[in-house]
Amino acid sequence: MGRHRDPLRLTAAQRAALRHCLAQPELDPRQRNRAATLLDWDAARPVADTARRLGMTVGRVYALRRLYRLQGLEAYLSAPPQGGAPTKLTPAVETALAALITGLEADEASHWPLRRLAAYLVEQGCTRSISPATVAKAWQRLRSLLPAEAAAR
């Protein structure tokens, strides 16, 4: 059983505010996802497409839609994070991983266990500690974002 259609109609001013929000380079990724979700919803794009494009689950897209309906635009975009430990995926960690991905040969890259990658990041002074699961998430994401020739290595 599928979900029922729940169209969103933003005003021109709201669309402009969301586009302006997305144009800010220092925008928090959470806010970027929220704004992009609303614009996709307004454009009647399929939820699965939005989820795939933003790297979220379909359930998360629906949750963001519900939040918007409950909070309104201003509160929705400016809501503070809901707790949890701060991420260890700092720019230094991501830069070190990206450098490692682009600098490794094809055979070398496939033989680095996640624990070794985590230990490497700690040894390099990028972070005090990081779990192999967190490294795996960053590794997968960075490999998909880097140019094809670097990701193929």
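In the predicted model, tyrosine 76 has a relative accessible area of 0% and is accordingly buried. This residue belongs, together with Trp41 and Tyr68, to one aromatic cluster. Three aromatic pairs are counted in the structure. In one of them, the ring centres of tryptophan 41 and tyrosine 68 lie 6.1 Å apart with their planes at 80°, and because an angle over 60 degrees counts as edge-to-face, the pair is assigned to that class. Tryptophan 41 is located in helix H2 and tyrosine 68 in helix H4, so that the pair, 27 residues apart, links distant parts of the chain. Both partners are buried, tryptophan 41 at 3% relative accessibility and tyrosine 68 at 10%. Tyrosine 68 also pairs with tyrosine 76, again edge-to-face, at 5.7 Å centre to centre and with 80° between the planes.

The helices that carry tryptophan 41 and tyrosine 68 pack against each other at an angle of about 90°, the axes of H2 (residues 29–42) and H4 (residues 58–71) being 10 Å apart; the two helices are therefore roughly perpendicular. On the H2 side the contact is formed by Asn33, Arg34, Thr37, Leu38 and Trp41, and on the H4 side by Arg60, Val61, Leu64, Arg65, Leu67, Tyr68, Arg69 and Gln71. Classified by residue type, this contact comprises six nonpolar, three polar and four charged residues.

Helix H6, spanning residues 91–103, contains 13 residues and extends 18 Å from its first C-alpha to its last, close to the 18 Å expected at 1.5 Å a residue. Its buried residues are Val93, Ala96, Leu97, Ala98, Leu100 and Ile101.

Technical notes. Residues are numbered from 1 along each chain as its sequence is written. This is a predicted model: local features need pLDDT of at least 70, side-chain atom pairs count only at pLDDT 80 or more; totals for chains, interfaces and linings use all residues. Side-chain values use heavy atoms; hydrogens and water are left out. Axes are lines fitted to C-alpha atoms, for helices over the stretch in contact, and angles run from 0 to 180 degrees between N-to-C directions. Helices (H or I, at least four residues) and strands (E, at least two) are DSSP runs, numbered from the N terminus. Angles under 35 degrees count as roughly parallel, over 145 as roughly antiparallel, 65 to 115 as roughly perpendicular and the rest as oblique. Contact means heavy atoms within 4.5 Å. Ala, Val, Leu, Ile, Met, Phe, Trp, Tyr, Cys and Pro count as nonpolar, Asp, Glu, Lys and Arg as charged, and the others, Gly among them, as polar. The expected span of a helix is 1.5 Å times one less than its number of residues. Buried means under 20% relative accessible area, exposed over 50%, partly exposed in between (1.4 Å probe, protein chains only). Rings of Phe, Tyr and Trp (its six-membered ring) pair if their centres lie within 6.5 Å; planes under 30 degrees apart count as stacked, over 60 as edge-to-face and the rest as tilted.
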